[in-house]
2 protein chains.
Amino acid sequence: MGVTKSQIFNSSQNQMAAIFKVLAHPARIAILQYISKQEACICNDIVDEIGLAQPTISQHLKELKSIDLIQGEIEGKKVCYCINLDTWATIQKTLNTFFNTTKSNCC
Amino acid sequence: MGVTKSQIFNSSQNQMAAIFKVLAHPARIAILQYISKQEACICNDIVDEIGLAQPTISQHLKELKSIDLIQGEIEGKKVCYCINLDTWATIQKTLNTFFNTTKSNCC
DNA sequence: TTTATATATTGCAATATTACGATTATAAAT
DNA sequence: ATTTATAATCGTAATATTGCAATATATAAA
């Protein structure tokens, strides 16, 4: 019925799915790549770069912020976004653990 | 409008998002983990283990198959699923490249 | 051939996501 | 104080996803 039955899964599974969900949109991948290669990562520059409307970018940024993948620093009337390297490293480690512990052993 | 504007992103970005999307559900994470630790990974066992209806599991398996993450081998009236280790390794490498090349350099 | 078992497909209701126009909030500039 | 610029929020339409009952398909067993 459109609702994920989170109760039947453990918190690790739900958390992992939540991380993947945030990354599961090309705009958010593009935003992360763009932020990563710019010196100044101003929201408005992202809007110009990506080619989606400002409210749409703002919404994507909010989702990236929701798992602390990026953080925004207010600089006057602009907001400078950057990647949160701590979260970034933690997530990379989590995903690698998942990939390393999941093996094939049948068929 | 509910439609992702794939045209404005490059194929690498779209492909990466597509991989993340398949993994962005706790049931699919749970299925992969269960398949990985069982000797025999029969579809019906997965249904019993996960606690979702058979058509729902079948649909999740279809999505995992769509990016070749798992493959099903027909054994009589049963189907034995296993992880496709080639795809698994390729995806892990792709994701690590993404995480390694995305750095923080502002704020 | 009939019956039982295992899985896939279809159709649909409930909910979530994507995108954007309109509006609001905030701060700098005039 | 007013205007301008930047970004967040609200409201909403279009579309996608999740989940399951009902049904279809396929193979094994009786």
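Reader: By what turn can chain B be laid on chain A, and with what RMSD?

Author: This is a predicted model, where local features need pLDDT of at least 70, side-chain atom pairs count only at pLDDT 80 or more, and totals for chains, interfaces and linings use all residues. Residues are numbered from 1 along each chain as written, and chains are lettered from A in written order. Copies are superposed by least squares on C-alpha atoms of residues with pLDDT of at least 70 in both. The shift along the axis is 0.0 Å, the turn is 180 degrees and the RMSD is 0.1 Å.

Reader: How much area do chain B and chain A bury between them?

Author: Buried area is the accessible area (1.4 Å probe) lost when two parts are put together, summed over both. Carbon and sulfur atoms hold 67% of it here, and the total is about 4,300 Å².

Reader: Which element gives the most to the side of chain B that touches chain A?

Author: Helices (H or I, at least four residues) and strands (E, at least two) are DSSP runs, numbered from the N terminus. H1 (11-23), H2 (26-37), E2 (78-83) and H5 (85-101) of chain B each supply at least two residues. With 10 residues, the top contributor is H5(B).

Reader: How many salt bridges does the rule find across the interface?

Author: The rule asks for a side-chain nitrogen of Lys or Arg within 4 Å of a carboxyl oxygen of Asp or Glu. Across the interface of chain B and chain A, the count is 0.

Technical notes
Side-chain values use heavy atoms; hydrogens and water are left out.
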